[in-house]
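These are my notebook entries on one model. I went through it piece by piece and wrote down what I looked up.

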Amino acid sequence: MRFDQPATTNPIDQGKVVGWPTPRIDGKLKTTGTAPYAYEHHDVSPRPAVGFVVGAGIAKGRVAGMDLKAARAAPGVIAIVTAQNAGKLAKGSKNTARLLGGPEVEHYHQALAVVVAETFEQARAAAALVDIRYEAAPGRFDLAAQKPGAPMAKSDGMGGKGETRHGDFEAAFAKAPVQLDATYTTPDQGHAMMEPHATIAWWEGRKLTVWTSNQMIGWAVGDLARTLGIAKEDVHVKSPYIGGGFGGKLFLRADVLLAALGARAAKRPVKIALQRPLIFNNTTHRPATIQRIRLGAGRDGRITSVAHESWSGDLPGGGPETAVNQTRLLYAGEHRYTAMRLATLDLPEGNAMRAPGEASGMMALEVAMDEMAEKLGLDPVEFRIRNDTQVDPEKPLRPFSQRRFVECLKQGAERFGWNKRSAKPAQVRDGRWLVGLGMAAAFRNNIAMKSKARVRLDGEGRVVVETDMTDIGTGSYTIIAQTAAEVMGVALERVLVRLGDSEFPVSCGSGGQWGGNNSCAGVYAACMKLRAMVAEKGGFGGDATFANGEVRGGGKTAPLESFSGLVAEDGIEYGDLDKRYQQSTFGGHFVEVAVDAFTGEVRVRRMLAVCSAGRILNPISARSQVIGAMTMGVGAALMEELHVDTRRGFFVNHDLAGYEVPSHADIPHQEVVFLDEVDPISSPMKAKGVGELGICGVAAAVANAIYNATGVRVRDYPITLDKLL
Ligand code: MOS
């Protein structure tokens, strides 16, 4: 199905199943511990051997020698795979560094060997006996030191440029009556998902099967085939349950490749879970940024000039953290400049983490907006409303498909009691606590991606949906079941959803908050095709209706299950609607904090998000996405930071004891409101992404609330108590 005109009325609009708060259909499996995650897939035969990964002990240089004698002789050891004996390996198209390093070392904890043994304990013990001699080379590990002279990034990774210029920023800024020029920093962050990267791999002849934890099945198949030099048809990837990804499982990682290589060497299935202390330096992370923002405005509070420059670093061949993306779209202003500069850093590979680009960029932009509002003597909500735009400010002939940003801000202010905020900071006390309110915009783009599905009527009266879409904890199983139930006119319980298997049609996968809208649109397309097949076969005519498990039309009625055996495969493809209209999601974040006047400890007291994201397919799972994202935003504001050892080039706090994320006790009551809307330009679902919108802006809202409470403006995240005293 090609979608190139705005959607008209369709079966989704019935809203009998879609749009209702529906508990997860896979909830029981997960809460009873019976959903088979990759490492827990126990019915593989023969029993899998266990791999333990050895990571590089230097950040850059060479392996001068590797002595495996003691490790090979250790009890239970079956095989040891290194670059020396692994055979020829290519690099995955989406990997910057090689997943099995050596002799060259590209980053700290890059995998150099995998030890395969009968048990985990034996593999771990033998791995400690692998004796590696290194020739270390000097590396570049400090973003601030590499910032001068960092070249312009070639692209924004989304088809846009590294640098954009409209009007004459310098001239307009120079004569702006009110100016702000401020620099903000955000640290490296880790995904810290609950389930580690894990895989069980086995070979049957030349066919490789991996049961893994991956967000993008299609990409995993392609890159596994490419890396191993085998045919895609010989690769089978299964990933039906995923315990969190946040972008860290978008691409092929070392666990998959090394399990495959280990299984080949051991001639037996092999399972590997990357050990937690290895994950932070072995896999990807959200890169640190330095961001300079300049805003010029008239005394009327209208922005005349805006410049946002961001610096980040990555390994050679990597890309920038696209922190200026939202600044190209969020506020009006005639004279504009954005630039992303990319330094070379020999730290572990930087890549996508939940809302890459906007999550980091909004941390800076939305504090700058707060600072500018204060300079103008304007309320921060009013300042944002005054600079709303209904068109892409860089391409004024291109409207937003829908943009109810102002409504989000107004509703948020009203519900949160924003009028009680003191414009002057450090005015409100509650015992030893200084209390403040802060807000920020939320903004994240909506991405159109093609997505396929297969729908079949089985012999037991069920509608079976198969697509390689993944559920990374987001609720894909449930919204896909709702979509199929709605279109086929059956109860939710009559739909069986099967996901995360490369034998199913290729979906959009999970990433960039594109999963929900696009995968359901693909299922919608397949269901519409199945309806046409049923109507034709039963002679119900072109306007057959599907409801209550029955088909009606042409004066006839029949139960849907009388058509068992019919199968339809189709998908959604997009024309240029997403080029003619800018598709984005919007919101407002409101936060109340209390800061201990003596210790500087920050407690978040209340949070509210008002979101505008098209049709909300399931208010329970959508809310769950947003509160999770708000929680992650609090982490970004107050605690999350990978500390870089700038001499040795690694992240020091590489486990969950040292890398702090919010716990339940850190998170207060969270309220989420979705505007009641549909966006007919996004897809036949009229939905947009929502999973990443929730994090964008949260950290800035917390920072702004801290400023309102204390009068201390912190421009370097995380806002730990030492920065407030
Ligand atoms: Mo997301 S960071 O694209 O999984």
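**Entry 1: Asp-255**

I began with Asp-255, which sits in helix H7 (residues 254-266). The model is predicted: local features need pLDDT of at least 70, side-chain atom pairs count only at pLDDT 80 or more, and totals for chains, interfaces and linings use all residues. My residue numbers start from 1 along each chain as its sequence is written.

Is Asp-255 buried or exposed? I call a residue buried if 20 or more other C-beta atoms lie within 10 Å of its own, exposed if 12 or fewer, and partly exposed in between, with C-beta atoms placed from the backbone. Asp-255 is buried because 34 other C-beta atoms lie within 10 Å.

I then listed its contacts, a contact being two residues whose C-beta atoms, placed from the backbone, lie within 7 Å. Leaving out residues up to four places away in sequence, Asp-255 touches His-197, Ala-198, Thr-199, Ile-272, Ala-273 and Leu-274. I also checked Thr-212, 43 residues from Asp-255 along the chain, and found the two C-alpha atoms separated by 8.5 Å.

Lys-267 lies in the loop between H7 and strand S13 (270-273). Its phi is positive, about 55°, although Lys-267 is not a glycine. Lys-267 is partly exposed, because 13 other C-beta atoms lie within 10 Å.

Ala-192 is in the loop between strand S9 (178-186) and strand S10 (198-204). Here phi is near 50°, again a positive value in a residue other than glycine. Ala-192 counts as buried because it has 22 C-beta neighbours inside 10 Å.

**Entry 2: cis peptide bonds**

I noted a cis peptide bond between Ser-45 and Pro-46, with omega about -5°. Pro-46 is in the loop between helix H1 (27-31) and strand S2 (49-55). Tyr-717 and Pro-718 are also joined by a cis peptide bond, with omega about -5°. Pro-718 belongs to the segment after H16.

What should helix H12 (residues 476-488) span? The expected span is 1.5 Å times one less than the number of residues. For the 13 residues of H12 that gives 18 Å, and the end C-alpha atoms are 18 Å apart, which agrees. Of the 13 residues of H12, 13 are buried, so the helix is largely enclosed by the rest of the structure.

Next I looked at the nonpolar core, meaning a set of buried Ala, Val, Leu, Ile, Met, Phe, Trp, Tyr and Cys residues joined through C-beta atoms within 7 Å. The largest one has 218 residues, and Val-115, Ala-484 and Val-702 have the most contacts inside it. Helix H9 (residues 358-376) gives the largest share of this core, 11 residues. Leaving aside neighbours within four places in sequence, I found Ala-484 in contact with Val-455, Val-463, Val-465, Val-495, Val-523 and Cys-527.

**Entry 3: a five-stranded sheet**

I followed an open sheet of 5 strands in the order S17-S18-S26-S27-S30, with mixed pairing. Strands pair if DSSP finds at least two bridges between them. Strand S17 (428-430) and strand S30 (669-674) are the edge strands, each pairing on one side only. With direction ignored, neighbouring strands of this sheet are turned by 25° against each other on average.

S17 pairs with strand S18 (residues 433-445) in the antiparallel sense over 3 bridges. Arg-429 stands opposite Leu-434 in S18. Helix H16 (residues 698-710) packs on the sheet and touches S18, S26 and S27, its direction making about 155° with that of S18. Such angles run from 0 to 180 degrees between N-to-C directions, with axes fitted to C-alpha atoms, for helices over the stretch in contact.

**Entry 4: strand S7**

How many of the 6 residues of strand S7 (residues 131-136) are buried? The count is 0, and S7 is hardly covered. Strand S3 (residues 61-67) runs antiparallel to S7 and is joined to it by 6 bridges. The bridge partner of Gly-61 in S7 is Ala-136.

Methods: Helices (H or I, at least four residues) and strands (E, at least two) are DSSP runs, numbered from the N terminus.
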